[in-house]
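User: I'd like a close look at one helix pair in this model. Could you walk me through how the two pack, and what else goes on around them?

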Amino acid sequence: MNSDYINIALADDDEDDRFFFTEAFDELKLKSKVLLFKDGIELMEYLNDSDNMLPSLLFLDLNMPKKSGLECLKDIKATKRLSDMVIAIYSTSASEEDIENTFVKGANVYIKKPNDFEKLKKVLSEVVTTNWQYHTSGLNKDNFLLRL
Amino acid sequence: MKLLLKFDFTKVCNAVLKQKLQAHQLKFRQTAFGEIELIDKASEEQLKVFYDDINSFGIEVIEDPKKIVIQKIKDVIVDMVFNERDIQVKTSVYLAEQLEENYNYLSNLFSEVTYTSIENFIILQKIEYTKILLTSEELSLTEIAFKLSYSSVAHLSKQFKNTTGITPSAFQRIIAKRKQIN
């Protein structure tokens with residue numbers, strides 16, 4: 001990872017959650033660049049513009065106004081140019097069935113938003129390092145499922 | 001019509017590399033897995049074209065000496081897990097022998113560069129191989145535990161859950177459902 005930055009994006013309508021997310025990455029001292037989006041529409045506009053650099057790791061909140069995380073996930077998986085991105089669902093609690101459903105629809109990671117900042121840092125660092133292993137060790141991304 | 005494929009990773013990699021080298025008319029000698037020696041001098045331009053071509057096949061030429069050692073460690077581990085090597089000694093001893101280096105040195109270097117430990121990397125690879133065996137060969141977890149020399153199914157099952165956050169059967173179910181959709 002040393003010389004390269006990881007490009008990360010988060011789409012979340014909650015301002016506090018966006019703040020803690022960026023703070024966590026700052027403190028983790030991973031070489032990362034974090035892009036933020038307030039809702040699904042804003043996110044998809046960015047992703048669909050082929051001039052923009054795509055994040056390698058996208059965190060999606062499920063409950064967003066205008067366009068939900070699940071709708072974004074569907075659109076992303078249906079677009080060839082975007083289908084290589086690793087998708088982490090970043091959400092408050094959901095039923096077992098909902099969680100499994102996001103995996104079936106193509107999500108790689110499911111994170112239940114932790115309440116405490118230290119936990120958040122730990123969880124995000126685990127996602128990034130696991131993602132890094134898939135990226136650098138030639139592992140099959142189709143088999144990348146992680147629940148935290 | 002659906003076909004399930006099984007890959008011999010070492011063979012695939014070597015075959016692709018050989019084809020590419022021949023296509024670029026580079027004479028070579030293979031010295032080890034992931035290591036070749038070019039017999040004639042190649043121009044920088046020629047090498048650049050070659051690098052670009054193999055890059056698109058997921059092959060990269062490593063230049064940083066630390067990265068070379070890391071890559072060798074990874075190659076030995078992947079070979080050990082995916083080719084089901086029957087190793088009689090401890091993994092640390094095996095790695096030290098294969099790389100002809102002190103294990104502590106290897107272990108520290110690995111953690112420094114990759115953000116994970118050799119131990120974790122081995123577990124990750126074993127779990128990845130388990131995933132492949134579960135989904136493409138449809139082996140049972142008991143068979144896999146035996147194949148990968150786990151002391152018990154429970155141990156493998158627990159390690160799977162700890163590493164991925166989901167159980168082996170949930171994993172199987174998700175991948176099967178995904179296949180149905182596509």
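Analyst: α3(B) passes α6(B) in a right-handed crossing, meaning that the near helix is turned clockwise from the far one by less than a right angle. This is a predicted model, where local features need pLDDT of at least 70, side-chain atom pairs count only at pLDDT 80 or more, and totals for chains, interfaces and linings use all residues. Residues are numbered from 1 along each chain as its sequence is written, with chains lettered from A in the order in which they are written.

Helices here are DSSP runs (H or I, at least four residues), numbered from the N terminus. The axes of α3(B), residues 65-82, and α6(B) come within 10 Å and cross at roughly 40 degrees; axes are lines fitted to C-alpha atoms over the stretch in contact, with angles from 0 to 180 degrees between N-to-C directions.

On the α3(B) side, the contact includes Ile73(B), Ile77(B) and Phe82(B), and on the α6(B) side Phe121(B), Lys126(B) and Tyr129(B) are among the partners. Contact means C-beta atoms, placed from the backbone, within 7 Å. By class, this contact has 9 nonpolar residues, 1 polar and 1 charged; Ala, Val, Leu, Ile, Met, Phe, Trp, Tyr, Cys and Pro count as nonpolar, Asp, Glu, Lys and Arg as charged, the others as polar.

As for the chain contact, 16 residues come from chain B and 16 from chain A. On chain B, α6 (118-135) and α9 (168-181) each supply at least two residues, and α9(B) gives the most, with 5.

Conventions
Contact = placed C-beta atoms within 7 Å.
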